[in-house]
Amino acid sequence: MSAPQIPNLLTSRGGPRSRGGRGRGSSRLVGRGETSGPGAQRKDLAIQSTDTDAAVSRLSAVSLGYLEDPFASIFVGGEGTRRMPIINRGTYTRTTALDILINAFLSHPKSDTKPQKKQIISLGAGTDTRYFRLRSKNKNNNLIYHEFDFPSVSTTKCRTVSSKRLLSNIQDESFFPEFKSPAFGLPQLDEDWGVNTKGDEISEVTYCCHPMDLRQLPHLKDVQDIRGLQADIPTLIISECCLCYLEADTARDVVKWFTDRIPSAGIVLYEPIGVDDAFGQVMVSNLASRGISMPTLEHYKTLSDQKARLLELGFKGDGDEGGQEAETIENIWQNWVPSSEKERVDRLEGLDEVEEWQMLARHYAVVWGWRGEIGWEGWSGLRGQ
């Protein structure tokens, strides 16, 4: 495969979303929208376009039988586009890795105790369908789910969710702002939207989309500035190719804003690595041709760099109460996917470009870290390099 034809797994997720999450729905935060200025706006739009690419790639993998996702087609206009086999396999492997980590986090190992309430924060969520997939399998019980993205992205998602009735009204649930039918009353561009659930005489946020540029997040003062955020429960932060679009200091400050306020915290990152070799340089060049750069890529080039990054962010320890782990997509395919499942995937369309797949897959990594005595028992058997 010649250099200009090297594909990009950044377009293979469920997606690398339209990065830059947001804060709460109040007017207390000034400047929560996209960065001003023509050049900055063009860059933000280029980053947001990766979410469309990702949604198409996810639908490709779903349509061919790699993955099950009844919501994938909802966020893609038209019939979609069939991706290359190595891209479909990349989508499958990355999704499988995150599913394993997130399901392990949500698991409840001790059946004789009351399930622990937990929280997920998805940065740059875009058209991600994970919450709806969890909801369809009743895995959203005892879960608070937050999504952050640019105001324009959040509003577009709200429109899709409402028109397709993905949040069908069930007992003890109410929507905010009030969703009116048949003409759905969309929230304002910078207004939070989601679901309140009533339980034990108390109503609390269980799903919330925050329309905000993540670069504004470090300016917030308190947990109360983010609607529905709880600081006293185990919380998992997810960044699928989101933080890599921020300057390294800003990306660090975003994560630290949460970890400085939430004692029991974990994180899962999906990002490219290995930019120093020829293959990595072509990936960077391909993105640059679209007006996209990844500032953190120059700082975290290896799995060791990524683990050191998590250590600096406070995910300290080497055991049940904390730690950092990392794996390439190549190793995850080899070691996390059972042989029978590999055979099933191979039968879907075959893979002639084995060397190209291996090269591509070793340039992407899943990195995870945690700290806290409670909430991370399910990760005890997951170890990387």
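User: Which residue in β2 does K118 stand opposite?
Analyst: In this predicted model, K118 stands opposite L143, which belongs to β2. The two strands involved, β1 (residues 118–123) and β2 (residues 143–149), pair in the parallel sense, and six bridges connect them.

User: Is β1 buried or exposed?
Analyst: Six of the six residues of β1 are buried, so the strand is largely enclosed by the rest of the structure.

User: What about β8, how many of its residues are buried?
Analyst: Strand β8, which spans residues 322–328, is mostly covered, since seven of its seven residues are buried. From this strand, G322, Q324, A326 and T328 point one way, whereas G323, E325 and E327 point the other way.

User: And which strand do the seven bridges join it to?
Analyst: The seven bridges join β8 to β9, and these two strands run antiparallel. At one of the positions along β9, R371 is the bridge partner of G322.

User: Changing topic, how many aromatic pairs does a search of the whole structure find?
Analyst: The search finds 16 aromatic pairs. One of them is formed by Y270 and Y364, which are stacked, with 5.9 Å from centre to centre and 20° between the planes. This pair links distant parts of the chain, because Y270 is in strand β7 (residues 265–272) while Y364 is in strand β9 (residues 364–371), and the two are 94 residues apart. Both Y270 and Y364 are buried.

User: Which residues form the aromatic cluster?
Analyst: One aromatic cluster is formed by F71, Y131, F132, Y145, W193 and Y207.

User: What is F132 in contact with, leaving aside its neighbours within four places in sequence?
Analyst: With those neighbours left aside, F132 is in contact with F71, F75, K157, V161, L166, L167 and Y207. F132 also belongs to the largest nonpolar core, which has 68 residues, and it is listed with L167, Y207, L236, V366, W368 and W379 as the residues that touch the most other members.

User: Which helix gives the most to this core?
Analyst: That is helix α2 (residues 85–106), which gives nine residues to the core. Apart from this core lies another one, made up of 31 residues, including M212, I226, L229 and V367. In soluble globular proteins, nonpolar side chains tend to be buried together.

User: Why does D51 count as buried?
Analyst: D51 counts as buried because its relative accessibility is 5%, and buried means under 20%. D51 is found in helix α1 (residues 38–63). Although D51 and V153 are 102 residues apart in sequence, they are 9.4 Å apart in space, C-alpha to C-alpha.

User: Last one, how many helices and strands does the chain have?
Analyst: The chain has 10 helices and nine strands, and buried residues make up 56% of its 385 residues. Among contacts in the chain with a separation of 6 or more, 79% are between residues 24 or more positions apart. The chain exposes about 16,300 Å², of which carbon and sulfur atoms supply 48%.

Note on methods
Residues are numbered from 1 along each chain as its sequence is written. This is a predicted model: local features need pLDDT of at least 70, side-chain atom pairs count only at pLDDT 80 or more; totals for chains, interfaces and linings use all residues. Side-chain values use heavy atoms; hydrogens and water are left out. Helices (H or I, at least four residues) and strands (E, at least two) are DSSP runs, numbered from the N terminus. Buried means under 20% relative accessible area, exposed over 50%, partly exposed in between (1.4 Å probe, protein chains only). Contact means heavy atoms within 4.5 Å. Accessible areas come from the Shrake-Rupley method with a 1.4 Å probe; for residues, only the protein chains shown count as cover. A nonpolar core is a set of buried Ala, Val, Leu, Ile, Met, Phe, Trp, Tyr and Cys residues joined through side-chain atoms within 4.5 Å. Rings of Phe, Tyr and Trp (its six-membered ring) pair if their centres lie within 6.5 Å; planes under 30 degrees apart count as stacked, over 60 as edge-to-face and the rest as tilted. Two strands pair if DSSP finds at least two bridges between them.
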